Amino acid sequence: MKKTIIRGTGRYLPERVVKNQEMSQWMDTSDEWIEQRTGIQERRWIDEDSKVGASDLGLIASRIALERAGWQPEDLDLIIFATLSPDINFPGSGCLLQSKLGLKSTPALDIRQQCTGFLYGLQIADAYIKSGHANRILFVGGEVHSTGLERANRGRDVTVIFGDGAGAICLEGVETDEDVGLIATSLHAQGDYAESLMLEAPASRLSPRLTHEMIDDGRVWPKMDGRNIFKLAITRLPEITQTVLSKAGLTINDIDMVFPHQANLRINQSYQKAMGIADDKIFNNIQKYGNTTAGSIPIALDEAIEKNLLPEKSTVLFVGLGAGLTWGAMIYRFL
Ligand code: UT7
């Protein structure tokens with residue numbers, strides 16, 4: 001039977017490091033507040049005048065992943081691009097990336113799953129592979145948040161947590177009887193909580209979609225009920241982890257490394273404690289990059305691979321929750 005196998009990973013974080021201290025030039029905040037409440041020490045933001053979009057960060061990450069897989073762009077059957085910060089409203093960043101890779105007809109699709117973009121994207125890739133519609137797929141999760149954050153007191157809860165960056169993964173269908181690849185998945189969404197974390201305007205439900213009044217009212221910036229999202233995360237992340245472990249017939253002790261979405265270090269510490277995970281079996285890098293949303297898990301995975309933390313046959317668990325509300329978990333075993 002065909003299994004979905006990771007052949008190469010890559011990441012790109014912009015070079016500009018924005019430390020917590022820098023945030024206090026725009027709003028009432030402090031290094032202490034940000035680090036204590038979120039674990040973040042710094043994040044990467046693109047240069048203000050660089051005109052770089054999510055597909056540009058994705059392109060650099062993709063080239064690295066393709067090279068590690070030993071593939072040319074022409075080898076791809078499909079591109080899946082997960083982002084909540086597309087370069088332009090439409091067409092999607094996947095199409096822009098396809099062109100930047102020099103491709104002329106390879107299918108490309110965007111998904112809008114925010115913090116669970118990697119989890120949804122991986123399951124979509126797996127379904128394409130197992131149904132025979134594609135065998136070599138490039139998944140990219142990437143965000144340019146920094147151009148869409150309100151640098152004022154009104155937006156300070158959101159602005160301090162987000163960073164720019166992209167991760168890319170080459171996935172291939174491989175015929176094998178070994179128990180490898182994506183071995184259990186569970187995804188959920190609950191639109192009742194859509195307004196707990198959203199960016200409203202410009203919006204097709206409004207006519208006109210954008211007015212000066214909407215800009216003045218701050219409806220063009222993301223809004224978050226952080227406490228509510230926090231509470232939902234610390235209950236649902238352990239629950240869904242149990243679900244995928246049961247589906248796979250495994251326990252948390254069978255997992256070599258857990259990759260939680262990087263939204264808040266306190267969420268991940270609470271999750272770690274609830275699940276009884278040892279310190280060296282959970283990977284966090286939010287301290288350096290902030291929350292890169294669809295980029296966070298693929299960036300972390302690439303870093304862990306580079307650090308040789310995942311030997312052959314390692315079993316890893318990915319888990320996350322975010323805007324939608326969407327949440328999910330999956331277990332993957334390396335070849
Ligand atoms: O990846 C997408 C999913 N998102 C998440 O998972 C985010 C989940 N939520 C969180 O990470 C946290 O709720 C935040 C980091 C966003 C906020 O931390 P918190 O401990 O929940 O703070 P809070 O919202 O309860 O606010 C506490 C205080 C408030 O002041 P008062 O009302 O007590 O006077 C806020 O106005 O902290 C204030 N505050 C800030 N102070 C300094 C909010 N943001 C800031 C800030 N700097 N940046």
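Student: Which residue in strand 7 is the bridge partner of glutamate 143?
Tutor: The partner of glutamate 143 in strand 7 is glycine 165, where a strand is a DSSP run of E with at least two residues, a helix is a run of H or I with at least four, and both are numbered from the N terminus. This is a predicted model, in which local features need pLDDT of at least 70 and side-chain atom pairs count only at pLDDT 80 or more, while totals for chains, interfaces and linings use all residues. Residues are numbered from 1 along each chain as its sequence is written, and side-chain values use heavy atoms, with hydrogens and water left out.

Student: How many bridges join strand 6 to strand 7?
Tutor: Eight bridges join them, and the two strands run antiparallel; strands are said to pair if DSSP finds at least two bridges between them.

Student: And what is the strand order of the open sheet of five strands?
Tutor: The order is 1-7-6-4-5, with mixed pairing. Strand 1 (2-12) and strand 5 (108-111) are the edge strands, each pairing on one side only. Neighbouring strands of this sheet are turned by 20° against each other on average, direction ignored, with axes taken as lines fitted to C-alpha atoms, for helices over the stretch in contact, and angles running from 0 to 180 degrees between N-to-C directions.

Student: Now the open sheet of four strands: what's its order?
Tutor: That sheet has the order 8-13-12-11, again with mixed pairing. Strand 8 (181-189) and strand 11 (257-260) stand at its edges with a single partner strand each, so one side of each has no neighbour in the sheet.

Student: Which strands does helix 5 lie across?
Tutor: Helix 5 (residues 117-131) lies across strand 8, strand 12 and strand 13, running at about 125° to strand 8, where contact means heavy atoms within 4.5 Å. Helix 8 (residues 226-248) lies across strand 8, strand 12 and strand 13 as well, at about 145° to strand 12.

Student: Switching to the ligand, which residues come nearest?
Tutor: Of the 21 residues around the ligand, Thr29, Arg37, Arg227, Asn264 and Asn291 come nearest, a residue being near if one of its heavy atoms lies within 4 Å.

Student: How far is the side chain of arginine 37 from a ligand oxygen?
Tutor: An N or O atom in the side chain of arginine 37 is 2.8 Å from an oxygen atom of the ligand. For histidine 261, a polar side-chain atom lies 3.1 Å from a ligand oxygen. An N or O atom in the side chain of arginine 266 is 3.1 Å from an oxygen atom of the ligand.

Student: Where are the cis peptide bonds, say around proline 91?
Tutor: One joins phenylalanine 90 and proline 91, with omega about -5°, and proline 91 sits in the loop between strand 4 (78-82) and helix 4 (93-100). The bond from alanine 201 to proline 202 is also cis, with omega near 5°, and proline 202 lies in the loop between strand 9 (197-198) and helix 7 (212-216).

Student: Why point those out?
Tutor: Because most peptide bonds are trans.

Definitions and conventions: A polar contact is a pair of N or O atoms within 3.5 Å; within protein, one must be able to donate a hydrogen and the other to accept it, and residues adjacent in sequence count only if both atoms are side-chain atoms.
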